[in-house]
Amino acid sequence: MRPDPDMQNSSYNEHETGNAGSRLYADLLLPLPLPGTFTYSVPASLRNEVEPGKRVTVPFGRRRVLTAIVKEVHNRTPEGYETKDILSAPDSSPLALPVQVRFWEWLADYYMCTTGEVLKAALPGGFRPRTGQAAEIKPKTEIFVSLHPELAGSVGPGLLPEKLKRAPRQLEVLLEYLNITGYNGVGAPPAIPKSSLTPGIKNPDPALRALYDKNILVRSEKAVSRLENQAATQKEMSMLNRHQEEALQTIKEQFQNREVVLLNGITSGGKTEIYIHLIKEQLEKGKQVLYLLPEIALTAQIITRLKSVFGGLAGVYHSKFSESERVEIWNRVLHGGDDSYRLILGVRSSLFLPFSELGLVIVDEEHENTFKQFDPAPRYHARDAAVMLASMHGAKTLLGTATPSVESWYNTLSGKYGLAGLTKRYSDMELPEIIIADTRMARKKRQMKSLFTPRLIEEVEEALGQGGQVILFQNRRGYAPYIECADCGWVALCRHCDVSMTYHKAGRGLVCHYCGSSQKPPTGCPDCGGSSVKTRGFGTQKIEDEIPLFFPGARVGRLDLDSARGRRAHEKIIGDFEEGKTDILAGTQMVAKGLDFGRVSLVGILNADNMLLFPDFRAHERSFQLMSQVAGRAGRKVKRGKVVIQTGYPGHPVIKNITENNLERHFNEQLAERRQFKYPPFVRLIKIIVKDKNRLTVEKAAALLAGRLRSGFGNRVLGPEYPPVGRVQNRYVMDILIKIEKGANLPKARSLISAAIAEVKSRPGFRSCQVLPDVDPV
């Protein structure tokens, strides 16, 4: 336990052994990047209010007031310092459950951060007000209007109060109420929101006030949900075909002996319907289900399907909700009742919700690297954390994908995970035809037309001519990756990062995708004064601009991080494409992840090479996954689709595996390489990131740290090296990579790393350095 840092003799005692007494103390989790818990005294006035899982407010330091979570209440008197009193305890019942706290502690231990950092990520900001006053969050209220109870039975469509005959505006409001409610004088008059009563009435408030004064209508204020009503007409579950039924039975059989099962289901095979059958079984047992997705953009399509089966039991949780909405969702998961959520569809932050009866966790598109949190800590992988969360609840985990990660596939080979296959598309639709367009040859023959090969243009024209839709994929947003002077080679670089600035044609000009800074493009070269400053390369904005030049009349949409910034923007873009209002959709990897469009007959991958040639040991794995996934959007329902892959390397092994849909050969090649060079899944990786504003400081600190680490790990320590972008937000960055053999004592390894970091950080010249462990980097 730990005292407040402003107290006298504030040494850190991990295990206090004070005398038991009648006074109560509480060990608290504070949302700070500091290890351990903090001990405060419980004043007599709060003895019955403070208990594990509840929030309390406490003084911290000289002036700060923080909101904390109670971990333990006890009567062990801390030795060596005087404790401060807890200020308030606003919750009537615990906000966090014991299993949640255990999960937070596991995350902090495994991913080498503090429980306070996990707590800060886990709790919605609405539970941690900036003022430090953890008061009850006020419910949203709305004004409701109903007929006065004394008039029940005496007012209806043909029975109107005499006193309104000379008050036409008041009569109009009353008639509108009767029309909306259908009240005929029988039973209690219903209350309706004032907002639904008056939208078509100009300046209704004076008339309403008069009706209140005459005791004809009565006004009331009620608490309402902040969440949009996404109610849908409930339908029966779809019948599974033979292949889906076989996969479902295999999953159930595998769950008899294993905690985790991988469903390797072909694109458009109908994995979602299998999930729905498994979800229904759990809900009927009174259990909760967590359904994880890698992207917010995927939630709109899938929640519509889930609500059509499960109605109000299904809810969504992600970062585009307001803090107040996230608090409401938290409470609807935590507390039972008619409006509680039993099924949550969400992204990685959904792991932190207060599940008490979790029966199943589904991780869809489990291969996606967006399940990994990068900054700030905890730098957790949601797929792996989901497996642990399910284990703590005694629940099962189902991983689903058409292109499994190498690690998950290896776990099925070793017997750690079960495996179920779904090898046929729904309705036995064939996989799309893969067409390779050689860009180097096309350029050599001068056949390229801007971004497009002749074959891609031909296929787009044919698809549009037959009433189909087209997806054009380029995994780079913006208009162009950089601008360059054709005379002297000058490139516009970010002032704060060692990276070129991306040109965005609309709005912000030159933008750094690392720190977000922007500036106007120069009118000429600032180095040589020349006027030949050109854009180089292309992103999704340029594709959107070029499409009308080659396909006039085609309606164009774009789906990337820039176009989908608004809360509902991604839903509108996807909805327009789904409804046929868009003919060609250009997009980044957001278009590749699990979206289901029935009329897409062609997918064009405009530049496969920037993925294949990226300097990372996972580049070939990701290229295979991304291109296979985006190809899977074509020809899902009506007829066989086509995929055109533009590449300068048509004979590349990854291109060959995609063309032949040879998943097994892909895994064999990847596993052979990784076994030879000692990369996951044959070792664990821990990356240590060292940052500082001074280049020399970061180099010296990183060198010292690497030396200390080599004393414990030998030649399994690589680096330090600068990453491809060696300065971000005015901080220089160096990486150290540690390879830990499978079977090694991982807690001991983490302890050695933590000790080495602490030693380096204690040096006077290196106290300004940030040293950040990243366990299982992707």
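This is a predicted model: local features need pLDDT of at least 70, side-chain atom pairs count only at pLDDT 80 or more; totals for chains, interfaces and linings use all residues.

A: What follows starts with the sheets and then moves on to a helix pair and the backbone. Residues are numbered from 1 along each chain as its sequence is written, and side-chain values use heavy atoms, with hydrogens and water left out.

Let's begin with the open sheet of 6 strands, which has the order 15-25-24-16-23-22 and parallel pairing (strands are DSSP E runs of at least two residues and helices are H or I runs of at least four, both numbered from the N terminus; two strands pair if DSSP finds at least two bridges between them). Strand 15 (433–438) and strand 22 (556–559) are the edge strands, each with a single partner, so one side of each has no neighbour in the sheet. On average, and ignoring direction, neighbouring strands of this sheet are turned by 20° against each other (axes are lines fitted to C-alpha atoms, for helices over the stretch in contact, and angles between N-to-C directions run from 0 to 180 degrees).

Within this sheet, 4 bridges link strand 16 (residues 469–473) and strand 23 (residues 584–587) in the parallel sense, and leucine 472 stands opposite alanine 586 of strand 23. Helix 17 (residues 619–631) lies across strand 15, strand 16, strand 24 (600–605) and strand 25 (642–647), and runs at about 155° to strand 24 (contact means heavy atoms within 4.5 Å).

Now turn to the open sheet of 3 strands, ordered 6-5-7, where the pairing is antiparallel. Its edges are strand 6 (192–193) and strand 7 (217–224); each has a single partner strand, so one side of each is left without a neighbour. Strand 5 (residues 140–147) pairs with strand 6 over 2 bridges, and the partner of valine 145 in strand 6 is isoleucine 192. Helix 3 (residues 168–181) lies across strand 5, strand 6 and strand 7, at about 100° to strand 5. Helix 5 (residues 205–213) also packs on this sheet, touching strand 5 and strand 7, with its direction at about 110° to that of strand 7.

For helices packed on each other, look at helix 20 (residues 695–713) and helix 21 (residues 746–762), whose axes come within 9 Å and cross at roughly 145°. From helix 20, Ala701, Leu704, Leu705, Arg708, Leu709 and Phe713 take part, meeting Ala749, Leu752, Ile753, Ala756, Ile757, Glu759 and Val760 of helix 21. By class, that contact has 11 nonpolar, no polar and 2 charged residues (Ala, Val, Leu, Ile, Met, Phe, Trp, Tyr, Cys and Pro count as nonpolar, Asp, Glu, Lys and Arg as charged, and the others, Gly among them, as polar).

Finally, the backbone. Most residues other than glycine have a negative phi, and most peptide bonds are trans. Glutamate 365 has a positive phi, near 55°, and sits in the loop between strand 12 and helix 10. That loop, between strand 12 (358–364) and helix 10 (382–393), also holds proline 376, which is joined to aspartate 375 by a cis peptide bond with omega about -5°. Another cis peptide bond joins glycine 719 and proline 720, with omega about 10°; proline 720 is found in strand 27 (residues 717–721).
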